[in-house]
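User: I would like to learn how to read a structure feature by feature. Please give the general idea each time, then the case at hand.

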Amino acid sequence: MMGLMPSEETRTMTPPTVRSSAAHDAGKPGGTSTRAWTMRLLVLGIVLSALNLRPAITSLGALLEEVRDGLGMSGSVAGLLTSVPPLCFAVFGVMAPRLARRFGAGAVVCAGMAAIATGLLVRPYAGGTAGFLAGSALALMGIAVSNVLMPVIVKHWFPDRVGSMTGLYSMALALGTALAAAVTVPLTDALGGSWQTGLARWAGLAVAAVLPWLPFVRGRATPPGPGEKAAETTTQTQGSDPGPAAHTRVEAPRLRMARSRTAWALAVFFGLQATAAYITMGWMAQIFRDAGVPAGTAGLLLAVTMVMGVPLAFVIPRLATRLPQQGPIVLALGVCGLAGYAGLYLAPAAGAWVWALLLGVANCAFPLALTMVGMRARTGPGVAQLSAFAQSTGYLISIPGPLLVGVLYQHSGGWGLPIALMSALMIPQMAVGFLAGRDRTVEDEAAR
């Protein structure tokens with residue numbers, strides 16, 4: 001994979017994005033065992049981190065009505081609250097490669113998990129809407145940098161398993177998303193009905209995610225890092241001594257992503273799928289509640305939508321890496337989304353479980369987008385730059401969507417116009433996703 005010749009074994013040096021003393025001991029006596037444990041710890045860290053990348057959002061969606069009442073929010077302000085995630089992802093996500101070069105990706109992700117824990121613990125008790133927004137922003141800052149760095153870590157440490165590792169990461173992300181949507185309301189009821197306590201409990205999961213990354217904090221990343229001007233590789237012919245000449249430095253210049261049509265197509269696709277996802281996470285439970293569905297059932301319906309990503313997030317990336325073009329998958333997911341929106345408009349309560357399933361399938365555009373980030377660049381630094389560009393630009397594009405839904409809902413008094421908006425946005429998402437799925441790399445376009 002990644003262009004390796006069958007007669008050679010190409011091995012990437014200890015990935016600069018996640019440094020630890022354990023990783024450097026791989027060539028010493030007992031180093032193989034140490035490296036195996038390091039890799040297991042890294043997988044555990046990836047999974048626990050992915051579990052924490054959405055509960056801050058879906059737990060709020062399940063209790064949005066209670067939070068609005070408790071803080072005295074209008075529909076427009078609630079729409080602003082649901083727009084905070086993409087705003088934070090855009091602002092802070094672009095900082096992730098620079099922070100990873102300075103401190104190492106492991107240290108940045110560790111700090112990100114700590115920020116999530118702190119923000120989730122503080123925001124329910126900060127007092128007032130402004131304090132709630134500030135606590136949410138702190139948690140979302142941690143999510144933002146981890147969002148960007150996960151594909152980079154996967155590319156560096158698992159270059160021959162990009163599809164399966166992206167699938168594992170996406171499955172954990174979908175599981176965390178669904179878990180928060182499903183159990184937040186029952187957990188809140190069991191804790192006495194306080195929405196503050198129900199939301200704050202999710203900080204514990206983030207604390208657990210800090211622990212696997214602690215061994216990776218000690219070593220400071222040294223050049224080259226993600227997005228640096230050089231990437232060090234060692235090429236060793238099987239059965240021969242590579243010698244000092246085999247250690248070569250391959251130049252990886254900073255790419256001009258704004259010149260790449262593929263990078264722009266992927267960024268717009270990422271932005272439109274994020275728009276749909278955050279509208280769904282922020283508002284779908286409320287749509288069902290307004291249609292007469294009980295609050296607990298509405299939370300379960302949102303959980304069903306999110307949990308569809310667990311099996312499909314493993315299947316879709318693996319399928320995508322086996323296809324020369326990913327456009328057909330994009331179109332299939334888009335059709336499911338259009339069908340789900342049509343159902344929400346025509347019979348939101350009567351066919352609620354069907355619409356939840358269809359929208360859950362449509363939301364699997366996210367793991368597909370992550371997979372294409374890894375496929376549309378040839379090198380680790382290229383993936384880092386593409387990931388930062390696509391996610392930051394994409395999240396900027398997605399900011400108005402949830403806010404506009406809140407405004408339309410408040411001023412129209414119903415869900416007809418918001419659902420029409422969601423359906424309309426699905427058409428360009430399918431178009432740009434088809435373009436992003438073409439078999440080409442950004443290095444061929446952005447380095448010209």
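User: Leaving aside neighbours within four places in sequence, which residues is Gln286 in contact with?

Analyst: Contact means heavy atoms within 4.5 Å. Once neighbours within four places in sequence are set aside, Gln286 is in contact with Glu65 and Trp415. Gln286 and Glu65 are 221 residues apart in sequence, yet their C-alpha atoms are 7.6 Å apart in space. Before going on, note that this is a predicted model, in which local features need pLDDT of at least 70 and side-chain atom pairs count only at pLDDT 80 or more, while totals for chains, interfaces and linings use all residues. Residues are numbered from 1 along each chain as its sequence is written, and side-chain values use heavy atoms, with hydrogens and water left out.

User: Is Gln286 buried or exposed, and in which helix is Gln286 found?

Analyst: Buried means under 20% relative accessible area, exposed means over 50%, and partly exposed lies in between, with a 1.4 Å probe and protein chains only. Gln286 counts as buried because its relative accessibility is 6%. Helices are DSSP runs of H or I with at least four residues, strands are runs of E with at least two, and both are numbered from the N terminus. Gln286 is found in helix 12, residues 261-290.

User: What do the totals for the protein look like, starting with how many helices and strands the secondary structure comes to?

Analyst: The secondary structure comes to 21 helices and three strands. Of the 448 residues in the protein, 56% are buried. Among contacts with a separation of 6 or more, 82% join residues 24 or more positions apart.

User: How many cavities of 30 Å³ or more does a search of the whole structure find?

Analyst: On a 1 Å grid over the protein atoms alone, a cavity is a set of points where a 1.4 Å probe fits but cannot get out; a pocket is an open set with protein on both sides within 12 Å along at least five of seven lines; lining residues have an atom within 4 Å of a point. Grid points are joined across faces, edges and corners, and a volume is the space filled by probe spheres set on the points. The search finds six cavities of 30 Å³ or more. The largest cavity holds about 240 Å³, and of its 21 lining residues, Leu173, Thr177, Met306, Asn363 and Phe366 are closest to the centre. Helix 12 gives the most to this lining, with six residues.

User: How do the residues of the lining of the largest cavity divide by class?

Analyst: Ala, Val, Leu, Ile, Met, Phe, Trp, Tyr, Cys and Pro count as nonpolar, Asp, Glu, Lys and Arg as charged, and the others, Gly among them, as polar. The lining of the largest cavity divides into 13 nonpolar, seven polar and one charged.

User: What lines the second largest cavity?

Analyst: The second largest cavity has about 130 Å³ of space and 15 lining residues, with Ala56, Ile57, Leu60, Leu81 and Pro85 nearest its centre. Helix 3 (55-62), helix 5 (75-93), helix 8 (128-157) and helix 12 each supply at least two residues of this lining. By class there are 10 nonpolar, four polar and one charged.

User: Which element gives the largest share of the lining of the second largest pocket?

Analyst: That is helix 18, with four residues. The second largest pocket has a volume of about 230 Å³. Its lining has seven nonpolar, one polar and three charged residues, including Arg98, Arg101 and Arg254.

User: At what angle do the axes of helix 18 and helix 19 cross?

Analyst: Axes are lines fitted to C-alpha atoms, for helices over the stretch in contact, and angles run from 0 to 180 degrees between N-to-C directions. Under 35 degrees counts as roughly parallel, over 145 as roughly antiparallel, 65 to 115 as roughly perpendicular and the rest as oblique. The axes of helix 18 and helix 19 (residues 400-412) come within 5 Å and cross at roughly 10 degrees, so helix 18 is roughly parallel to helix 19. Leu396, Ile397 and Ser398 in helix 18 meet Pro400, Gly401 and Pro402 in helix 19.

User: At what angle do helix 3 and helix 4 pack?

Analyst: Helix 3 and helix 4 (residues 64-71) pack at about 75 degrees, with axes 4 Å apart, and are therefore roughly perpendicular to each other. Here Leu60, Gly61 and Ala62 in helix 3 meet Leu64, Glu66 and Val67 in helix 4.
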